[in-house]
Amino acid sequence: KGIYIKGLRHSNPSEHTFRIILKDATCDRVRLSNFKAVFANPEQVEDTPLLIPFSVFDQMEQMGTPMVGSPSFNPSAVTEIGIMAIKPSVVGDFQLEFTEWGLYV
């Protein structure tokens, strides 16, 4: 169904936003491609995991540019998960912590 992040805390939750980046088997064959979704945790509810459904990963990108006509994300072929800090909401020092992350079904 998607990605979960448990115990998420960061230094400025009311302003900072991040991107979770996924690659599937197709991305491994298309140079510099991935799927991205923006997330934040403004309430910082550490006991409740942040859930990001696969349905929000709806457009393959290559270096930040949408790839029109690209294949859909294949959740059964995830090869990489990553997190990126986004400018301009995150500039300079910041801290992002979590206790666990992974795929949920």
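**Strand pairing and salt bridges in a predicted model**

I21 stands opposite K36, a residue of strand β4. The structure described here is a predicted model.

**The open sheet**

- Five strands form an open sheet in the order β7-β6-β4-β3-β8, and their pairing is antiparallel.
- The edges of this sheet are strand β7 (65–66) and strand β8 (78–85), each of which pairs on one side only.

**Strand β4 and its partners**

- Strand β4 spans residues 33–39 and is mostly covered, with six of its seven residues buried.
- Strand β3 (residues 18–24) pairs with β4 in the antiparallel sense, and five bridges join the two.
- R19 stands opposite V38 of β4, while I21 stands opposite K36 of β4.
- Strand β6 (residues 60–62) also pairs with β4 in the antiparallel sense, here over three bridges.
- N34 has E61 of β6 as its bridge partner.

**The salt bridge between K36 and E61**

- In general, side chains of opposite charge can pair when their charged atoms come close.
- The side chains of K36 and E61 form a salt bridge, with an N to O distance of 3.2 Å.
- This pair links distant parts of the chain, since K36 belongs to strand β4 and E61 to strand β6, 25 residues apart.
- K36 has a relative accessible area of 15%, so this residue counts as buried, the cut-off being under 20%.
- E61 is likewise buried, at 16% relative accessibility.

**The salt bridge between K6 and E100**

- K6 and E100 meet through their side chains in a salt bridge of 4.0 Å, N to O.
- Because K6 lies in strand β1 (residues 2–6) and E100 in strand β10 (residues 100–104), the pair ties together parts that are 94 residues apart in sequence.
- K6 is partly exposed, with a relative accessible area of 33%.
- E100 is also partly exposed, at 33% relative accessibility.

**The salt bridge between R9 and E97**

- R9 and E97 meet through their side chains in a salt bridge of 2.3 Å, N to O.
- R9 lies in strand β2 (residues 9–10) and E97 in strand β9 (residues 96–97), so this pair ties together parts that are 88 residues apart in sequence.
- R9 counts as partly exposed, at 34% relative accessibility.
- E97 counts as partly exposed, at 26% relative accessibility.

Note on methods: Residues numbered from 1 in each chain as written. Predicted model: local features only at pLDDT ≥ 70, side-chain atom pairs only at ≥ 80, totals over all residues. Heavy atoms only, no water. Buried < 20%, exposed > 50% of the residue type's maximum accessible area, 1.4 Å probe, protein only. Helix = DSSP H or I, 4+ residues; strand = E, 2+ residues; numbered from the N terminus. Pairing = 2+ DSSP bridges.
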